[in-house]
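Here is a friendly walk through one protein model, written for someone who likes to know the cut-offs. Have the viewer open and follow along.

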Amino acid sequence: MTPVFDVAIVGAGAAGLFCAGIAGQRGLRVLLLDHAPKVAEKIRISGGGRCNFTNRELDPRQPQRHFLSQNPAFCRSALARYTPADFIALLQRHGVAWQEKHKGQLFCSRSAQDLIDLLLRECGAGGVTHWQPCGVRAVHWHDGAPGGARYRLETERAAVAAHALVVATGGLPVPKIGASDWGLRLAQQFGLPIVAPRPALVPLTFEPSGWAPFAHLAGLALPVHIATGNKKQGMAFDEDLLFTHRGLSGPAGLQISSYWNPGQPLRIDLHPQAALEATLLAAKAAGVRKRLPNLLAQQLPQRLCELWTQHRPDWQRPVSDCSDKALAQLAASLHQWAPTPHGDEGWAKAEVMRGGVDTRQLRSQSMESTQPGLYFIGEVVDVTGWLGGYNFQWAWASAHACALALPQASHCSP
């Protein structure tokens, strides 16, 4: 006899584990499958091993402000119904210690393993059947199947049937821990369109010969204002920028990468705290004899100042010997740096995927697709959050919305 479950969930990451635990505790017979050898490996490695699991600055009235999608309003419903405060309450019930860092970012105090153990306990409380590692070789749909089990899954362990199928397979980043396009291919199997996937929250790279002078700044970080695009469709962030051997990273580089499109220049203010021109002109008026790079180093990192001024002799002089025009041009170049990236570091270094299953084919209240009984949650969906815990909050919120809808949508007994 083929085992029959109320719901089969493919993907034992953040969204899949959370959905399985809630659904199981609501009385559904749940099968959770994942092809990877280790459970929730992306949780384990995130946040330096302590997992930035949510962000307190998410506004439940305008949650979409911290997310991008071709259908921006889609994520509002789930995020408003399951908030960071709700997930914090879950951690407190389980005695998992956490701490707040920069800009509302919340991390496990001890280890991300505490969060994984919490999710596994939730699944245990719901009597979830967990097969891992266990890949799914094929999925078949039979409308009107006996007993209403419309989905048949051919897995590496056995064939199973389910009333509903939830896809929580994540995105394409970090293939070395098991990322795959299985969820996207399944969506296409059932005729659901895909928003073209691309790396997001990823370091940006530049053409090597043009970047060669800046490669000497690798490891240098400083606070900047960074923007891309126009005023209507662009985005800007105030974050720390990190120079690398190949380009730009750090929170500023990662954040802007989600909005940057090939061929677009970046707009970077390397000293957003104050106008440099006024500072330089005041120093000249006071007769300051310091070399311009040395005076500038009072405001910016010394290595940056030396690199920035080395190609112009009139920027190497004592400040009092510089023309007003030269000082204005130097200040403008630092406030209005506009480098154009050549590309990015790709899936191996990306933290999340931009794009995914088109949300216009999903119901925002339940995450069910136009294919009856087929649900998509988490990163596989075309909803991408900012850096800082927003993508994990989307995993919790979309999983919660789906799990609460399953009994009605699949006609299972609660």
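The report below goes from the whole chain to a sheet, a helix and a few single residues.

## Ground rules

This is a predicted model, in which local features need pLDDT of at least 70 and side-chain atom pairs count only at pLDDT 80 or more, while totals for chains, interfaces and linings use all residues. Residues are numbered from 1 along each chain as its sequence is written, and side-chain values use heavy atoms, with hydrogens and water left out.

## The chain as a whole

The protein chain holds 13 helices and 20 strands. Both kinds of element are DSSP runs numbered from the N terminus: helices are H or I with at least four residues, and strands are E with at least two. Along the principal axes, the C-alpha atoms fill a box of roughly 90 × 40 × 35 Å. Of the 414 residues in the protein chain, 55% are buried; buried means under 20% relative accessible area, exposed means over 50%, and partly exposed lies in between (1.4 Å probe, protein chains only).

The accessible surface comes to about 17,200 Å², and carbon and sulfur atoms own 52% of it. These areas come from the Shrake-Rupley method with a 1.4 Å probe, and for residues only the protein chains shown count as cover. A contact means heavy atoms within 4.5 Å. Among contacts between residues at least 6 apart in sequence, 72% join residues at least 24 apart.

In what order do the 6 strands of the open sheet run? The order is 16-13-14-15-12-17, with antiparallel pairing. Strand 16 (266-269) and strand 17 (343-344) stand at the edges with a single partner strand each, so one side of each has no neighbour in the sheet. Two strands pair if DSSP finds at least two bridges between them.

Strand 13 and strand 14 (residues 235-243) pair antiparallel over 8 bridges, and the bridge partner of Thr 228 in strand 14 is Met 235. The hairpin of these two strands has 6 residues between them, and there Gly 229 takes a positive phi near 80 degrees. Strand 13 also pairs with strand 16, in the antiparallel sense over 4 bridges; here Thr 228 stands opposite Leu 266. Strand 14 and strand 15 (residues 247-249) run antiparallel and are joined by 2 bridges, and Leu 242 stands opposite Ser 249 in strand 15.

## Helix 11 and helix 12

Which residues of helix 11 (residues 302-309) are buried? They are Leu 304, Cys 305, Leu 307, Trp 308 and Thr 309. Their cover includes helix 7 (208-215), strand 13 (221-228), helix 10 (292-296) and helix 12.

Helix 12 (residues 324-335) contains Ala 331, which counts as buried because its relative accessibility is 3%. Not counting residues up to four places away in sequence, Ala 331 touches Leu 276 and Glu 277. Leu 17 is 314 residues from Ala 331 in sequence and 52 Å away in space, C-alpha to C-alpha.

A disulfide is a covalent bond between the sulfur atoms of two cysteines. The test used here asks for a pair of cysteine sulfur atoms within 2.5 Å, and a search of the whole structure finds 0 disulfides.

Cys 134 is buried, at 1% relative accessible area. For Cys 322, the closest cysteine sulfur is in Cys 305 at 13 Å, also too far for a bond. Cys 322 is buried too, with a relative accessible area of 2%.

## Backbone details

Most residues other than glycine have a negative phi, and most peptide bonds are trans. Against that background, a cis peptide bond joins Gln 132 and Pro 133, with omega about 0 degrees. Pro 133 sits in the loop between strand 7 (129-131) and strand 8 (136-141).

Lys 103, not a glycine, has a positive phi of about 55 degrees. Lys 103 belongs to the loop between strand 5 (98-100) and strand 6 and is partly exposed, at 34% relative accessible area. Val 174 has a positive phi near 55 degrees; Val 174 lies in the loop between strand 10 (159-167) and helix 6 (182-189), and counts as buried at 11% relative accessibility.
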